[in-house]
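Dear colleague,

My notes on it come after the display.

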Amino acid sequence: MRILSVNTARVERRLINGRLVATAIAKRPRSGTVSYGPLGLDGDEQADPSVHGGLSKAIYAYPSEHLPVWRTMRAQARAGDWADDIPPGLMGENLTLEGLLEKDLWLGDRLRFADGGVLVVSEPRFPCFKFNAAMGFNKAAKLMAESGWCGTYLAVLHPGAVQAGQTFELEPGPREVGLVEAFRAKVRGRDFDAA
């Protein structure tokens, strides 16, 4: 398991669905080492702390294994070309991961790094209209809900630093609630066509 990319963004105002909204979903890869503390990565911001950021959602991680399918979905929706790769950070993720899928995660699991840093799986990501805008088509949030490919929010147990190429170990937590199970409970009954 390793980090492919570390991504951050500052809050900016963008026109989404005809209105100007604050967002920091457009994450961009960072080079070198990026420190993190209780509220996330240095240099990263969140526009709406009621749904992103804070102690329990300090860092958002997403599996790179899903990106080829998202590329196909974007191409089918004419939001991207068939040959366009999904750039790191487009999903709004801080960490683009390799080798760790949602189905293998439980709330309370820990990602342990060699420098002593520890991140804890805290909750699934819930997609919204800003995710649709970032992906370039209005069914993206619905497709995330149907697939269960939500990624995970991470809380910071012990601060540290991360960089692209860095490996980590998964330390099992209590294994009482699976990440996908928590996500399905959160999206059950939600009408994503109305969002």
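Below I go through the sheet, a few loop residues and the aromatic side chains in turn. Please keep in mind that this is a predicted model.

To begin with the sheet, three strands form an open arrangement in the order β6-β5-β12, and their pairing is antiparallel. The edges are taken by β6, which covers residues 40-41, and by β12, which covers 160-162, each of them pairing on one side only. Between β5, at residues 34-37, and β6 the antiparallel pairing runs over 2 bridges, and G37 is found opposite G40 of β6.

As background, most residues other than glycine have a negative phi. N17, in the loop between β2 (12-16) and β3 (19-23), has a positive phi near 55° without being a glycine, and with a relative accessible area of 58% this residue is exposed. R78, which belongs to the loop between α1 and β8 (95-98), likewise is not a glycine and has a positive phi of about 60°; R78 is exposed, its relative accessible area being 78%.

Is S64, by contrast, buried or exposed? This residue lies in the loop between β7 (59-63) and α1 (67-76), and because its relative accessibility is 15%, under the 20% limit, S64 counts as buried. Apart from neighbours within four places in sequence, S64 is in contact with L4, T96, L97 and E98.

As for the aromatic side chains, the count comes to 4 aromatic pairs. In one of them, Y60 and Y62 have ring centres 6.4 Å apart and planes at 55°, so the pair is tilted; both Y60 and Y62 are buried. In another, the ring centres of F113 and F168 are 5.5 Å apart with the planes at 45°, so this pair is tilted as well. That pair links distant parts of the chain, 55 residues apart, with F113 in the loop between β9 (110-112) and β10 (118-124) and F168 in the loop between β12 and β13 (169-171). F113 is buried at 3% relative accessibility, and F168 is buried at 5%.

Ring pairs also join Y60, Y62 and Y153 into a cluster, and the charged end of K57 sits over the ring of Y153, 6.0 Å from its centre. Elsewhere, the charged end of R19 sits over the ring of F129, at 4.9 Å from the ring centre.

Definitions and conventions. Residues are numbered from 1 along each chain as its sequence is written. This is a predicted model: local features need pLDDT of at least 70, side-chain atom pairs count only at pLDDT 80 or more; totals for chains, interfaces and linings use all residues. Side-chain values use heavy atoms; hydrogens and water are left out. Two strands pair if DSSP finds at least two bridges between them. Helices (H or I, at least four residues) and strands (E, at least two) are DSSP runs, numbered from the N terminus. Buried means under 20% relative accessible area, exposed over 50%, partly exposed in between (1.4 Å probe, protein chains only). Contact means heavy atoms within 4.5 Å. Rings of Phe, Tyr and Trp (its six-membered ring) pair if their centres lie within 6.5 Å; planes under 30 degrees apart count as stacked, over 60 as edge-to-face and the rest as tilted. A charge sits over a ring if NZ of Lys or CZ of Arg is within 6 Å of the ring centre and within 35 degrees of the ring normal.
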